[in-house]
Amino acid sequence: ERAAAAPAPTAPSVAPALPVPVPGGEVERRPLSKVRRTIARRLTAAWTVPAFQLTVSIDMTRANELVARRRELDPEVRVTVTDLLTKACAQALVRHRDMNVQFTEEELLVFPSADIGLAVAAPQGLVVPVVRSAERLTLVEISGVRADLVSRARDGKLRAEDLEGGTFTISNLGMFGVEEFVAVLNPPQASILAVGATVERVVPEEGELHVRPLMSVTLTCDHRAVDGATGAQFLQTVKALLEDPALAL
(Lines give C-alpha, C1' and ligand atoms only; values in the text may rest on other atoms or scores of the structure.)
Protein backbone atom coordinates (compact mmCIF):
# COMPACT_ATOMS: atom_id res chain seq x y z
CA GLU A 1 0.00 0.00 0.00
CA ARG A 2 1.45 3.39 -1.06
CA ALA A 3 2.31 5.69 1.73
CA ALA A 4 0.39 8.92 1.85
CA ALA A 5 2.27 11.81 0.23
CA ALA A 6 3.85 14.19 2.64
CA PRO A 7 2.20 17.59 2.69
CA ALA A 8 3.98 20.23 0.63
CA PRO A 9 6.26 22.39 2.73
CA THR A 10 4.93 25.77 3.55
CA ALA A 11 6.94 28.95 3.74
CA PRO A 12 7.91 29.72 7.30
CA SER A 13 5.95 32.50 8.78
CA VAL A 14 7.95 35.67 9.29
CA ALA A 15 7.30 37.54 12.44
CA PRO A 16 7.26 41.30 12.09
CA ALA A 17 10.44 43.04 13.15
CA LEU A 18 10.13 44.16 16.72
CA PRO A 19 11.96 47.02 18.34
CA VAL A 20 15.05 45.84 20.19
CA PRO A 21 14.79 46.59 23.89
CA VAL A 22 17.85 48.33 25.27
CA PRO A 23 18.45 50.10 28.55
CA GLY A 24 16.73 53.43 28.45
CA GLY A 25 14.48 52.74 25.47
CA GLU A 26 14.14 50.88 22.18
CA VAL A 27 16.41 50.93 19.12
CA GLU A 28 14.87 52.69 16.15
CA ARG A 29 15.00 50.68 12.93
CA ARG A 30 15.49 52.70 9.73
CA PRO A 31 15.26 50.85 6.40
CA LEU A 32 18.17 51.65 4.09
CA SER A 33 17.21 54.21 1.49
CA LYS A 34 18.26 53.89 -2.13
CA VAL A 35 20.85 56.63 -1.64
CA ARG A 36 22.25 54.96 1.49
CA ARG A 37 22.50 51.60 -0.31
CA THR A 38 24.36 53.30 -3.17
CA ILE A 39 26.73 55.00 -0.73
CA ALA A 40 27.42 51.68 1.00
CA ARG A 41 28.07 49.86 -2.29
CA ARG A 42 30.42 52.51 -3.66
CA LEU A 43 32.38 52.98 -0.45
CA THR A 44 32.78 49.23 -0.08
CA ALA A 45 34.21 49.15 -3.60
CA ALA A 46 36.50 52.07 -2.77
CA TRP A 47 37.86 50.25 0.28
CA THR A 48 39.31 47.52 -1.97
CA VAL A 49 41.33 50.05 -4.02
CA PRO A 50 45.08 50.30 -3.22
CA ALA A 51 45.33 53.91 -2.11
CA PHE A 52 47.85 56.28 -0.56
CA GLN A 53 47.55 59.61 1.26
CA LEU A 54 49.59 62.81 1.19
CA THR A 55 49.11 65.67 3.66
CA VAL A 56 50.31 69.30 3.56
CA SER A 57 49.57 72.43 5.57
CA ILE A 58 48.63 75.57 3.64
CA ASP A 59 49.03 79.14 4.84
CA MET A 60 45.59 80.62 4.23
CA THR A 61 46.50 84.26 4.99
CA ARG A 62 46.07 85.57 1.44
CA ALA A 63 43.23 83.19 0.60
CA ASN A 64 41.19 84.39 3.58
CA GLU A 65 41.93 88.01 2.67
CA LEU A 66 40.75 87.40 -0.89
CA VAL A 67 37.51 85.76 0.23
CA ALA A 68 36.82 88.57 2.72
CA ARG A 69 37.57 91.26 0.14
CA ARG A 70 35.37 89.55 -2.44
CA ARG A 71 32.46 89.54 0.02
CA GLU A 72 32.99 93.23 0.78
CA LEU A 73 32.88 94.14 -2.90
CA ASP A 74 29.73 92.15 -3.56
CA PRO A 75 27.88 91.07 -0.37
CA GLU A 76 25.12 89.42 -2.42
CA VAL A 77 27.60 86.86 -3.82
CA ARG A 78 28.82 84.77 -0.90
CA VAL A 79 32.18 83.47 -2.07
CA THR A 80 33.61 80.78 0.24
CA VAL A 81 36.91 79.04 0.83
CA THR A 82 35.39 75.98 -0.86
CA ASP A 83 34.88 78.04 -4.01
CA LEU A 84 38.54 79.09 -3.97
CA LEU A 85 39.56 75.48 -3.32
CA THR A 86 37.49 74.38 -6.29
CA LYS A 87 39.18 76.92 -8.54
CA ALA A 88 42.68 76.04 -7.29
CA CYS A 89 42.13 72.29 -7.67
CA ALA A 90 40.70 72.77 -11.16
CA GLN A 91 43.71 74.82 -12.23
CA ALA A 92 46.06 72.23 -10.73
CA LEU A 93 44.26 69.37 -12.49
CA VAL A 94 44.67 70.92 -15.94
CA ARG A 95 48.35 71.54 -15.18
CA HIS A 96 48.84 67.95 -13.96
CA ARG A 97 46.67 65.98 -16.37
CA ASP A 98 47.96 62.66 -15.00
CA MET A 99 45.87 63.46 -11.90
CA ASN A 100 42.66 64.05 -13.84
CA VAL A 101 42.16 60.36 -14.59
CA GLN A 102 40.09 57.26 -13.98
CA PHE A 103 41.37 53.68 -13.86
CA THR A 104 39.85 50.85 -15.91
CA GLU A 105 41.16 47.32 -16.35
CA GLU A 106 42.26 48.08 -19.92
CA GLU A 107 43.29 51.75 -19.89
CA LEU A 108 43.52 55.04 -18.07
CA LEU A 109 40.93 57.65 -18.99
CA VAL A 110 42.51 61.13 -19.07
CA PHE A 111 39.98 63.94 -19.02
CA PRO A 112 40.40 67.32 -20.76
CA SER A 113 38.49 69.39 -18.19
CA ALA A 114 38.27 69.53 -14.41
CA ASP A 115 34.80 68.48 -13.26
CA ILE A 116 34.96 68.93 -9.50
CA GLY A 117 32.62 66.99 -7.23
CA LEU A 118 31.68 68.58 -3.89
CA ALA A 119 30.74 66.20 -1.09
CA VAL A 120 27.49 67.45 0.48
CA ALA A 121 25.78 66.05 3.58
CA ALA A 122 22.16 66.02 2.44
CA PRO A 123 19.17 64.70 4.44
CA GLN A 124 19.03 61.60 2.25
CA GLY A 125 22.75 60.89 2.69
CA LEU A 126 26.10 61.91 1.22
CA VAL A 127 25.85 63.18 -2.36
CA VAL A 128 28.54 64.57 -4.67
CA PRO A 129 27.17 67.09 -7.20
CA VAL A 130 29.63 68.27 -9.86
CA VAL A 131 30.90 71.72 -10.84
CA ARG A 132 31.70 71.20 -14.52
CA SER A 133 34.73 72.68 -16.31
CA ALA A 134 35.63 74.54 -13.12
CA GLU A 135 38.95 75.68 -14.61
CA ARG A 136 37.00 77.90 -17.06
CA LEU A 137 34.76 79.53 -14.43
CA THR A 138 35.45 82.67 -12.44
CA LEU A 139 35.35 82.55 -8.66
CA VAL A 140 31.95 84.25 -8.67
CA GLU A 141 30.61 81.78 -11.24
CA ILE A 142 31.85 78.84 -9.18
CA SER A 143 30.17 80.36 -6.12
CA GLY A 144 26.84 80.56 -7.96
CA VAL A 145 27.04 76.98 -9.25
CA ARG A 146 28.10 75.66 -5.85
CA ALA A 147 25.31 77.49 -4.01
CA ASP A 148 22.70 76.14 -6.45
CA LEU A 149 23.97 72.55 -6.20
CA VAL A 150 24.18 72.57 -2.40
CA SER A 151 20.72 74.11 -2.09
CA ARG A 152 19.14 71.55 -4.38
CA ALA A 153 21.06 68.72 -2.69
CA ARG A 154 19.63 69.67 0.69
CA ASP A 155 16.14 69.99 -0.79
CA GLY A 156 16.42 66.60 -2.50
CA LYS A 157 16.08 68.19 -5.95
CA LEU A 158 19.32 67.13 -7.64
CA ARG A 159 19.04 65.59 -11.08
CA ALA A 160 20.95 62.50 -12.18
CA GLU A 161 23.14 64.60 -14.46
CA ASP A 162 24.19 66.75 -11.48
CA LEU A 163 25.93 63.72 -9.98
CA GLU A 164 27.53 62.19 -13.05
CA GLY A 165 30.95 62.56 -14.62
CA GLY A 166 33.08 64.07 -11.87
CA THR A 167 36.86 63.71 -12.25
CA PHE A 168 37.93 64.82 -8.74
CA THR A 169 36.21 65.36 -5.38
CA ILE A 170 36.65 67.85 -2.54
CA SER A 171 35.37 66.88 0.92
CA ASN A 172 35.47 69.82 3.33
CA LEU A 173 34.76 69.19 7.03
CA GLY A 174 36.52 72.31 8.26
CA MET A 175 33.23 73.99 9.14
CA PHE A 176 32.70 71.25 11.75
CA GLY A 177 36.03 71.96 13.44
CA VAL A 178 37.68 68.82 12.05
CA GLU A 179 41.36 69.67 11.65
CA GLU A 180 42.53 66.68 9.61
CA PHE A 181 40.99 63.51 8.16
CA VAL A 182 41.30 60.97 5.36
CA ALA A 183 38.50 60.86 2.80
CA VAL A 184 37.55 57.61 1.07
CA LEU A 185 37.84 57.57 -2.71
CA ASN A 186 34.74 58.28 -4.78
CA PRO A 187 34.91 55.60 -7.52
CA PRO A 188 35.60 55.67 -10.41
CA GLN A 189 37.53 58.88 -9.63
CA ALA A 190 41.21 58.39 -8.84
CA SER A 191 41.62 61.08 -6.17
CA ILE A 192 39.85 63.04 -3.46
CA LEU A 193 40.96 65.97 -1.28
CA ALA A 194 40.02 66.06 2.42
CA VAL A 195 39.99 69.62 3.77
CA GLY A 196 40.25 70.42 7.46
CA ALA A 197 39.63 73.55 9.51
CA THR A 198 41.92 76.56 9.32
CA VAL A 199 43.69 76.86 12.68
CA GLU A 200 46.06 79.56 13.88
CA ARG A 201 49.48 78.07 14.61
CA VAL A 202 52.92 79.40 15.48
CA VAL A 203 55.28 79.14 12.51
CA PRO A 204 59.03 79.90 12.55
CA GLU A 205 60.10 82.27 9.76
CA GLU A 206 63.64 83.61 9.34
CA GLY A 207 64.46 83.15 13.00
CA GLU A 208 61.20 84.67 14.27
CA LEU A 209 57.90 83.19 15.36
CA HIS A 210 54.70 84.21 13.61
CA VAL A 211 51.07 83.16 13.98
CA ARG A 212 49.61 81.95 10.69
CA PRO A 213 46.20 80.49 9.73
CA LEU A 214 47.08 76.99 8.55
CA MET A 215 44.74 74.58 6.81
CA SER A 216 45.56 70.88 6.60
CA VAL A 217 44.57 69.02 3.42
CA THR A 218 44.99 65.31 2.74
CA LEU A 219 44.99 63.91 -0.80
CA THR A 220 43.93 60.28 -1.26
CA CYS A 221 44.85 58.67 -4.59
CA ASP A 222 44.14 55.39 -6.35
CA HIS A 223 47.66 53.99 -6.65
CA ARG A 224 46.68 51.99 -9.75
CA ALA A 225 46.16 55.27 -11.60
CA VAL A 226 48.33 57.86 -9.83
CA ASP A 227 51.94 57.65 -8.67
CA GLY A 228 53.13 59.22 -5.43
CA ALA A 229 55.31 61.82 -7.15
CA THR A 230 52.40 62.86 -9.38
CA GLY A 231 50.16 63.35 -6.36
CA ALA A 232 52.87 65.29 -4.52
CA GLN A 233 53.44 67.65 -7.47
CA PHE A 234 49.70 68.25 -7.77
CA LEU A 235 49.47 69.02 -4.06
CA GLN A 236 52.41 71.43 -4.33
CA THR A 237 50.55 73.32 -7.05
CA VAL A 238 47.32 73.47 -5.01
CA LYS A 239 49.31 74.80 -2.04
CA ALA A 240 51.03 77.43 -4.21
CA LEU A 241 47.75 78.59 -5.73
CA LEU A 242 46.06 78.95 -2.34
CA GLU A 243 49.00 80.73 -0.74
CA ASP A 244 49.09 83.17 -3.68
CA PRO A 245 45.48 82.95 -4.94
CA ALA A 246 45.94 85.64 -7.60
CA LEU A 247 47.77 82.94 -9.59
CA ALA A 248 44.57 80.85 -9.71
CA LEU A 249 42.24 83.60 -10.91
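Modeller: A residue is called buried when its relative accessible area is under 20%. The structure discussed here is a predicted model.

Colleague: Is Ser113 buried or exposed?

Modeller: Ser113 is found in the loop between strand E5 (108–110) and strand E6 (116–118). The cut-off for a buried residue is under 20% relative accessible area. Ser113 has 10% relative accessibility, so Ser113 counts as buried.

Colleague: Which residues does Ser113 touch, not counting residues up to four places away in sequence?

Modeller: Contact here means heavy atoms within 4.5 Å. With residues up to four places away in sequence left out, the partners of Ser113 are Asn100, Ser133, Glu135 and Thr167.

Colleague: Where is Arg152, and is Arg152 buried or exposed?

Modeller: The place of Arg152 is in helix H4, which covers residues 139–154. Not counting residues up to four places away in sequence, Arg152 touches Lys157, Leu158, Arg159 and Asp162. Its relative accessibility is 14%, so Arg152 counts as buried.

Colleague: How many disulfides does the structure hold?

Modeller: A disulfide is a covalent bond between the sulfur atoms of two cysteines. The cysteine sulfur closest to that of Cys89 is in Cys221, 11 Å away, which is too far for a bond. Cys221 is likewise in no disulfide, as its nearest cysteine sulfur is that of Cys89. The number of disulfides in the structure is zero.

Colleague: What is the relative accessibility of Cys221?

Modeller: Cys89 is buried, with a relative accessible area of 0%. Cys221 also counts as buried, and its relative accessibility is 0%.

Colleague: What radius of gyration does the protein have?

Modeller: The C-alpha atoms fill a box of roughly 105 × 50 × 40 Å along the principal axes. For a compact globule of 249 residues, the radius of gyration would be near 18 Å, but the protein has 23 Å.

Colleague: Among contacts between residues at least 6 apart in sequence, what percentage join residues at least 24 apart?

Modeller: The protein has five helices and 12 strands. Buried residues make up 40% of its 249 residues. Among contacts between residues at least 6 apart in sequence, the part joining residues at least 24 apart is 63%.

Colleague: How far apart do the centres of the positive and negative side chains lie?

Modeller: The protein exposes about 14,600 Å², of which carbon and sulfur atoms supply 55%. There are 27 positive and 31 negative side chains in the protein. The distance between the centres of the two sets is 6 Å.

Notes:
Residues are numbered from 1 along each chain as its sequence is written. This is a predicted model: local features need pLDDT of at least 70, side-chain atom pairs count only at pLDDT 80 or more; totals for chains, interfaces and linings use all residues. Side-chain values use heavy atoms; hydrogens and water are left out. Helices (H or I, at least four residues) and strands (E, at least two) are DSSP runs, numbered from the N terminus. Buried means under 20% relative accessible area, exposed over 50%, partly exposed in between (1.4 Å probe, protein chains only). A disulfide is a pair of cysteine sulfur atoms within 2.5 Å. The radius of gyration is taken over C-alpha atoms; the globule rule is 2.2 Å times the number of residues to the power 0.38. Accessible areas come from the Shrake-Rupley method with a 1.4 Å probe; for residues, only the protein chains shown count as cover. Lys and Arg count as positive and Asp and Glu as negative; His and the chain ends are not counted. The place of a charge is taken as NZ of Lys, CZ of Arg, CG of Asp or CD of Glu.
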